[in-house]
Amino acid sequence: MKVEAISLEKKYHGAVEHWQRHNFKDYETLLDQWEKYFPTDERFCLCAKLELGTSDTIAIGEHQGEKKRLEPEQLSEEEAAHLLAIIKAQASTEFGSIQQHAGTLERADDDQDRFWVLRVMAEELRHGYQMLHLLLSKDWSHVSRGVTGEQMVEEILSMQTGNHVLDAFNLDYDSFIDNITFAAIVDRVGKYQLTMQRICAYRPMADSMPPMLREEAFHLAAGVIPMRRWAQRAAQGDPFITMTAIQHAINKWVPRALEMFGDERGGETNVKFGFKDLKNREAQDQYIEEVQKMIRDINLRFIRARFPAYAPEQADAALAELERARGTHHGVRREDLLRTPDRRFFRRKGEPAFSMVGVDGEPFTDAEEYLRYLSRHLNEGYVASRDMRNYAEALRGVAAGTLAVKDAIMKMPKLKRVGGTCPCSKGVRWVMDGSAADQAASA
Amino acid sequence: MPGTETGTRIRPLDELDIDAIVRIDERISGIYRPEIWEQRVGFYLRRDPGASQVAEAGGKVVGFMLGDLRAGEFGLEEPSGWIERFGIDPDQRGKDLGRQMFAAMVAHFQAGGARSVRTLVDRKDEGVAGFLRALGLSPSPLEALEMRLDAKPTESR
């Protein structure tokens, strides 16, 4: 694989570095300690990377077989506008995850885990930089409604947790368990998006994907490997990490991760335009299968640690029995193991939005009962959050018939910037779409 | 992404292969050592993702080959592919899976500019040494040297 490394124009590169100083304060620590934690690995490069020698033919959709587009103007207006939105959303996620990780990074109880997450953060910074390169290296003015490249960068770099494009990036972490679970669960959606976009009909986007995907492989490992070790510690009776705590984090992130694929009924436009090779539900189905495998492996790690004399086949049999009969196995209950939440659990977007379904698929009819159930299946810090309060209000409205689901989806308040655009500014507050503050924010 | 094939296939290593690798190693060595494989898989996924390969049969991982592209070590400035660890489920041997994983790794190394593939092998392990020779590897002018530090020092005369 041959890769071309590109730097942004000086003022934009400087803007990203300025953002990093405010949002990613441990960046310099990572670089200083690089040799200790990643000896002989290539040094980190804050640059855009484009894979060379990729296919120049559109692989899917209504332009299949044609030459890939090299300029936004070679796309139709509808296609270019659609792709511009994808690139901006992708950029938002990259910068957003760094802000989330930074909040609880220092609570890691293991230095290796902390430095792995720091590396993940640095590479997300590079991915955000990559998306800015896509926005700035070509002319999008015919579909940007008068917004210049400079303004687009300013908009992205001024986003804070709460006003990013996707919900998964608008939730604060409650502990370092969230850092790790997020890497295992939410970064996995990132892998799917990047993999699907490898065939993108717009070649600069397609060429951006392989270097990002290579880095994403480690991000998933930085989530899964600590989770496996935590399961071992939990099985051995470590009082500071429990399977319940991990499960509560899974319950928090899986619903938001599923929503990152978009509505289950959609995705045809991406395929038609040749931007992705799977529709939303197809990708989501594969993702769920992968999460189920991850969780099963972690459960086996737990069982082997609890019963060290077990052969692999005995551990398999014990897990199968617990999953089937939901009883106990020498003191281990089904509830002591992890499980993948039902795809309808705690959803607020997509096909099952605001349906009341439990982790194991059990239906609820009463909103208050469902909210009490959620409070027992999510961690205390999150339950007490603004996000949960907003969700509860919308759910009560839907359950009472006073709010249509589509309106409930739109009604969720967001944290928006209403002050300046410099990331140093703390000028953010909760506003409702369409309120005076919202209008002021978007003016 | 999950595969649906029922035959065999070779694909790059990912973090969800740890469990299968632990099992293969346990079948071969009789020792359950997940920590070692978690560390090694983490290492290769950050060091050179795409280099290490696994073999699937019927949708199940039955073999692995781990390695990476390196340059600048031991005075070897030119990039070389290094094969460090491999294993195949004893029930799946003789199906050419090792050769196929090796071919995939070689293709990755060549794409990265490597002109040679290197490894170290215990000469007494005829099974492994024979396998590597069958793949086309031959003794190198570079010699592996070592000195035991837990042995009694030789008395000077």
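Residues are numbered from 1 along each chain as its sequence is written, while chains are lettered from A and ligands numbered from 1 in the order in which they are written. Since the model is predicted, local features need pLDDT of at least 70 and side-chain atom pairs count only at pLDDT 80 or more, whereas totals for chains, interfaces and linings use all residues.

Q: What makes Phe24(A) count as buried?
A: A residue is buried if 20 or more other C-beta atoms, placed from the backbone, lie within 10 Å of its own, exposed if 12 or fewer do, and partly exposed in between. Phe24(A) has 21 C-beta neighbours inside 10 Å, and therefore counts as buried. Phe24(A) lies in the loop between α1 (10-23) and α2 (27-37) of chain A.

Q: Which residues does Phe24(A) touch, not counting residues up to four places away in sequence?
A: Two residues are in contact if their C-beta atoms, placed from the backbone, lie within 7 Å. With residues up to four places away in sequence left out, Phe24(A) touches Ile98(A), Ala102(A), Met121(A) and Leu125(A). Ala102(A) is 78 residues from Phe24(A) along the chain, yet the C-alpha atoms of the two are separated by 6.4 Å.

Q: Why is Gly7(B) called exposed?
A: Gly7(B) is called exposed because it has 9 C-beta neighbours inside 10 Å, and the limit for that class is 12 or fewer. Its place is in the segment before β1 of chain B. Between Gly7(B) and Pro141(B) there are 40 Å in space, C-alpha to C-alpha, and the two are 134 residues apart in sequence.

Q: What makes a set of residues a nonpolar core, and which residues have the most contacts inside the largest one?
A: A nonpolar core is a set of buried Ala, Val, Leu, Ile, Met, Phe, Trp, Tyr and Cys residues joined through C-beta atoms within 7 Å. The largest has 134 residues, and those with the most contacts inside it are Leu83(A), Ile185(A), Ala221(A), Ala257(A), Phe302(A) and Phe64(B). Helix α7 (residues 203-235) of chain A gives the most to this core, with 16 residues. A second, separate core of seven residues includes Phe345(A), Tyr370(A), Leu378(A) and Tyr382(A).

Q: How do you know which elements chain B has?
A: Helices (H or I, at least four residues) and strands (E, at least two) are DSSP runs, numbered from the N terminus. Chain B has four helices and five strands, which follow one another from the N terminus as β-α-α-β-β-β-α-β-α.

Q: Why are β1 and β5 of chain B called edge strands?
A: Two strands pair if DSSP finds at least two bridges between them. The five strands form an open sheet with mixed pairing, in the order β1-β2-β3-β4-β5 (chain B), and β1 (8-12) and β5 (117-118) are its edge strands, each pairing on one side only. Within chain B, eight bridges join strand β3 (residues 60-70) to strand β4 (residues 80-88), and these two run antiparallel. Asp68(B) stands opposite Trp82(B) in β4(B).

Q: How many residues does each chain bring to the contact, and what classes are found on the side of chain B?
A: The contact takes 20 residues from chain B and 22 residues from chain A. The largest share of the side of chain B that touches chain A, seven residues, comes from α2(B). Ala, Val, Leu, Ile, Met, Phe, Trp, Tyr, Cys and Pro count as nonpolar, Asp, Glu, Lys and Arg as charged, and the others, Gly among them, as polar; by these classes, that side has nine nonpolar, three polar and eight charged residues.
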